Each structure stands twice: as structure tokens, then as C-alpha cells.
Amino acid sequence: MPSPRSPQSTQKKQNGKQRDAFFDNAKYLAIVLVAMGHAWEPLKGDSRILEAAYQVVYAFHMPAFILISGYFSRSFDMRPDRLKRLITGVAVPYIIFETAYPLFKRVIDNDPHQEISLLDPWYLTWFLVALFIWRLTTPIWNLVRWPLPLALGLAMLASVTPEIGDDLDLQRVLQFLPFFVLGLIMKPEHFHMVRRRSVRIASVPVFAAALAFSWWAVPRMNTAWFYHRDAAQELGAPWWTGPVMVLAMFGCSLVLTACFFAWVPRRHMWFTALGAGTLYGYLLHGFLVKAGDYQGWFEASWLHQPTGEILVTVLAAAVVTVLCTKPVQRVFRFAMEPKMDWAFKRDAAEEARERQSAERREREREREKVNA
């Protein structure tokens, strides 16, 4: 999706659309943090420092990614061409990967009984379900008077409702909803505010304080709160802690997300183009992480030492970087961005626009001939 034009950021022409380097940089860096967090998961139990870093990263990496998704969904409506892109770019990849991951487990983990269910998102695929639902409801959030308080209220209610169950991972859909809605109501100037030098400087002690607090909280706090996939009762906590934690973690995540955005480069970098392929990196790196889990790659004792943890971190960043590149996109475009023109009716309005465009080009050619 094209980003809004911004005079304070480097712009790039890509696929016929204006892209803002800042947002592509932010998406790439966020997806690198996602991959690093998944790689840390099998190792963090042996290191309090790694567990603290894991909690800090999980406090803001998906909120940042979701906020950007909401920001670029502001213009979504029920226009046929946009619904078509939603189906081909979100729903179809969900069906493909929700089937592929269980099949992968059957083969690699020798688990022939692993079920395939489109109603119970598996591992990474929850985000596609959430994005589909969030984007479909965008017209509602653009209509109501106080969208963010309403979204926060729904998230708080979800946190005390264990009866929601696992269908479509609705707990995550609802508990992460405020970040998407916040993105919907944000404007370019809000991003300019957090990219000021003063905010960049202030973000250093904020991150340091967050790491110190997280180190203190490791033995005292359930890390599952950061996943937003369970009600308070399911985490063995009193019901009232659910709404309290939703609000507290929303505030904490916003502060850390602002600090993250403050350090995202605004100019075109070597990795800027990779921001357009983050969905590829997101969905594909999970196969490698799960393969390592199934095959016991993370059980080597030396990987649980600082040197091994650093190596795993670097490898995770390198692998997800490769998975965001153009060659990988070309290979897997059939699954991520299928054309599927055969599945849809021709939209009369789209046909009219194409005719007008063709007529305009024909008139321009005629004028060029006359001028020649």
C-alpha cells in the first residue's frame, strides 16, 4: 500500500507507488525483532538477561507492526478492488500457511496426527486472521466518535472473558485491536513528532529503564501477558488484573514503540527495499524456527551460553533478511500475492476507469501526432 507523501522523509518510486523510506525501514526492523524473539524463545529459560530482553522486545515489536498496518488501512472501504486485495493478500495466504504449518509438523516432527484447522490459527498465522478482521471493521472505526476508547474497552472485556476460546485467536484479535485503531487515527505529523532529536535522546534511558525493570520482573511476572492470547483467569490471576494489565501494557507498549520509531532511519538505507517483503519474512521464517525446535537444534549446550545466544540472534536477523528479498518474493508470490483474476467478477467501475484511461492515452497519442 502506498504511504502518504511526507516532505520530511525520503520517498521512493516502487511498483508505481510512492513509498516512504521511514515506514519501510520500520517494518523491516520490526520483522527482524520478531525473528530474533522467536529464536530466543527456546534459549531464554537459561538466561535472565535474555528473558528480560525478550520481554522488552515483545512489549513493542508487534504493537509497532500493527500500528503501521492500521496507519496504512485508513483508506480501506468496501470497494471491490480493495476487498479483492484483502482476500488475495491476507485471506488466501492464511489458508495456505494455516495448512502448510501443520503439514510441515507432520513431516518434520513425525506427527501424523497433527490436525489442520482453519478456525484455530497456528503459530504465526494469527496475525493474518487479525489483520483480515481489523481491516474489514475499518469503516466502523472511521465512523464512531471515540474509536480508541471503544477499542480499549473491547480489549479490557476480552481480558476477563476466557469463554472466548481459541477460535480465530479472538483474544489476540481483540487485545491487540487498540494498536490497529490507534494507527487508523494517526496522522503524518504524529510520526514526525517522535522522530525529533530530543525524543531520540530520551529514548536511550527509557529503553535502559525498561530493560532494568524487565530484569527485575522476570521471576515475578508471567511472560504470557505479552502474548495477549489469554484472559486473566487463564493465567491464574484475579479477573480484575486483566483490564489493569491491558491499560498498563498499552501505555508501556506505546512508550517503547515511540522510542523505537525515534531510532528508525528516515532516509533510504540498504535494507529499505526489504520493507516491502516483510510478510514473506514473517511467514517463512517460522518454518526454520519450528524445524529447529522439532529437530532439537536448540538443545546444544553451547547455544545456551552468551556466545551461542549472540550467534543465534545474528543468524535469525540474517535469515529473515534473506527471506524479505526480491528473489524469495518472486518464488513465493503465488502463495503471498496470488493474482486470482479467475475467481472474481469484473467490476463495472474498474472497467470504466480502464476505458477512460485507454481513451486518455489515445487522445494524448493523437495530440503528439498533430504536434509532430
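This is a predicted model: local features need pLDDT of at least 70, side-chain atom pairs count only at pLDDT 80 or more; totals for chains, interfaces and linings use all residues.

User: How many aromatic pairs are found in the whole structure?

Analyst: Rings of Phe, Tyr and Trp (its six-membered ring) pair if their centres lie within 6.5 Å, and planes under 30 degrees apart count as stacked, over 60 as edge-to-face and the rest as tilted. The search of the whole structure gives 33 aromatic pairs. One of them joins Tyr101 and Tyr123 edge-to-face, with 6.0 Å centre to centre and 85 degrees between the planes.

User: Which parts does the pair of Tyr101 and Tyr123 tie together?

Analyst: Helices are DSSP runs (H or I, at least four residues), numbered from the N terminus. Tyr101 lies in helix H3 (residues 80-108) and Tyr123 in the loop between H3 and helix H4 (126-136), so the pair ties together parts 22 residues apart in sequence.

User: Is Tyr101 buried or exposed?

Analyst: Buried means under 20% relative accessible area, exposed over 50%, and partly exposed in between (1.4 Å probe, protein chains only). Tyr101, at 0%, is therefore buried, whereas Tyr123, at 22%, counts as partly exposed.

User: What lies over the face of Tyr123?

Analyst: A charge sits over a ring if NZ of Lys or CZ of Arg is within 6 Å of the ring centre and within 35 degrees of the ring normal. Lys290 lies over the face of Tyr123, at 4.4 Å from the ring centre.

Technical notes: Residues are numbered from 1 along each chain as its sequence is written. Side-chain values use heavy atoms; hydrogens and water are left out. Helices (H or I, at least four residues) and strands (E, at least two) are DSSP runs, numbered from the N terminus.
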